[in-house]
Amino acid sequence: MKKVNTQIIHNERAKLLRYLSKAGLRVSRGRDVIFDQVMNLHGHFTAEELAKECLQKKLKVSRPTVFRVLHDLLEAGIIRETAFGDKHRHFEHVYDEKPHHHAQCVRCHKFIEFPDRKEDEVYHPYLEKRGFKILGHEMHFYGICKECYSHAEYFRRS
């Protein structure tokens with residue numbers, strides 16, 4: 001597991017503090033706890049996974065606090081959200097992200113990240129010419145990963 005550089009944590013905390021100040025919100029123990037937990041997570045995570053981790057570590061933060069603070073972290077630009085077509089939202093850090101897309105196995109739900117190949121250079125001009133203001137985009141692929149494919153009998157019969 002990679003360790004997050006203290007300068008990155010300092011910069012991300014400063015972003016959160018600026019957001020809280022602008023929004024008229026105070027720094028609370030719950031926000032600090034959730035911020036610290038999020039900074040130590042790697043890869044994609046859900047609010048439920050974060051709440052369970054806090055419960056297991058006996059950090060004494062409620063589920064509603066987890067959801068509220070994740071909203072704050074989204075608004076502050078510390079994490080980003082992606083749905084992956086699931087009923088619940090997934091989050092990942094922004095600080096170390098290069099533009100990328102996702103593929104997800106529909107059997108084991110493992111994610112594969114792959115680099116952005118500048119697809120937006122094709123789609124953005126097309127949409128903007130039609131008066132569409134782009135706020136962002138995500139590209140997701142769904143399929144069967146190599147491990148699940150090799151174990152799935154019904155794929156070998158075809």
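**Note on the predicted model: helices, core and selected residues**

1. Glutamate 12 sits in helix α1, which spans residues 6-23. Helices here are DSSP runs of H or I with at least four residues, strands are runs of E with at least two, and both are numbered from the N terminus. Glutamate 12 counts as buried, because its relative accessibility is 4%. Buried means under 20% relative accessible area, exposed means over 50%, and partly exposed lies in between (1.4 Å probe, protein chains only). Not counting residues up to four places away in sequence, glutamate 12 touches Phe35, Met39, Ile78 and Tyr95. Contact means heavy atoms within 4.5 Å.

2. A word on the basis. This is a predicted model, in which local features need pLDDT of at least 70 and side-chain atom pairs count only at pLDDT 80 or more, while totals for chains, interfaces and linings use all residues. Residues are numbered from 1 along each chain as its sequence is written, and side-chain values use heavy atoms, with hydrogens and water left out.

3. The overall plan comes next. The protein chain has 7 helices and 6 strands. Along the sequence they follow the pattern α-α-β-α-α-β-β-β-β-α-β-α-α. Of the 158 residues of the protein chain, 32% count as buried. Take the contacts between residues at least 6 apart in sequence: 51% of them join residues at least 24 apart.

4. How do α1 and α2 meet? Two packed helices are described by the angle between their axes and the distance between the axes. The axes of α1 and α2 come within 11 Å and cross at roughly 140 degrees. Axes are lines fitted to C-alpha atoms, for helices over the stretch in contact, and angles run from 0 to 180 degrees between N-to-C directions. α1 and α2 are therefore oblique to each other. Angles under 35 degrees count as roughly parallel, over 145 as roughly antiparallel, 65 to 115 as roughly perpendicular, and the rest as oblique. Ile8, Ile9, Glu12, Arg13, Leu16 and Leu20 of α1 make the contact with Arg31, Asp32, Phe35, Asp36 and Met39 of α2. By class, this contact has 6 nonpolar, no polar and 5 charged residues. Ala, Val, Leu, Ile, Met, Phe, Trp, Tyr, Cys and Pro count as nonpolar; Asp, Glu, Lys and Arg count as charged; the others, Gly among them, count as polar.

5. Now α2 and α3. Their axes come within 11 Å and cross at roughly 110 degrees. The two helices are therefore roughly perpendicular to each other. Ile34, Gln37 and Val38 of α2 meet Leu50, Glu53 and Cys54 of α3. The contact has 4 nonpolar, 1 polar and 1 charged residues.

6. Then α3 and α4. Helix α3 (residues 47-56) packs against helix α4 (residues 63-76) at an angle of about 130 degrees, with the axes 9 Å apart. That makes α3 oblique to α4. On the α3 side, Ala47, Glu48, Leu50 and Ala51 take part, and they meet Arg63, Val66, Phe67 and Leu70 in α4. These residues divide into 6 nonpolar, no polar and 2 charged.

7. Which residues touch the most other members of the largest nonpolar core? They are Leu50, Leu70 and Leu73, in a core of 23 residues. The elements giving two or more residues to this core are α1, α2 (29-39), α3 and α4. A nonpolar core is a set of buried Ala, Val, Leu, Ile, Met, Phe, Trp, Tyr and Cys residues joined through side-chain atoms within 4.5 Å. Leaving aside neighbours within four places in sequence, leucine 70 is in contact with Val38, Phe45, Ala47, Leu50, Ile79 and Phe91.

8. Look at cysteine 105 in strand β4 (residues 100-105). Cysteine 105 is buried, with a relative accessible area of 3%. Beyond its neighbours within four places in sequence, cysteine 105 contacts Lys110, Gly143, Ile144, Cys145 and Cys148. Cysteine 105 and lysine 146 are 41 residues apart in sequence, and their C-alpha atoms are 9.1 Å apart.

9. Lysine 58 is exposed, at 67% relative accessible area. Lysine 60 is exposed too, at 73%. Phi of lysine 58 is near 55 degrees, a positive value in a residue other than glycine. Lysine 60 also has a positive phi, of about 55 degrees, although it is not a glycine.
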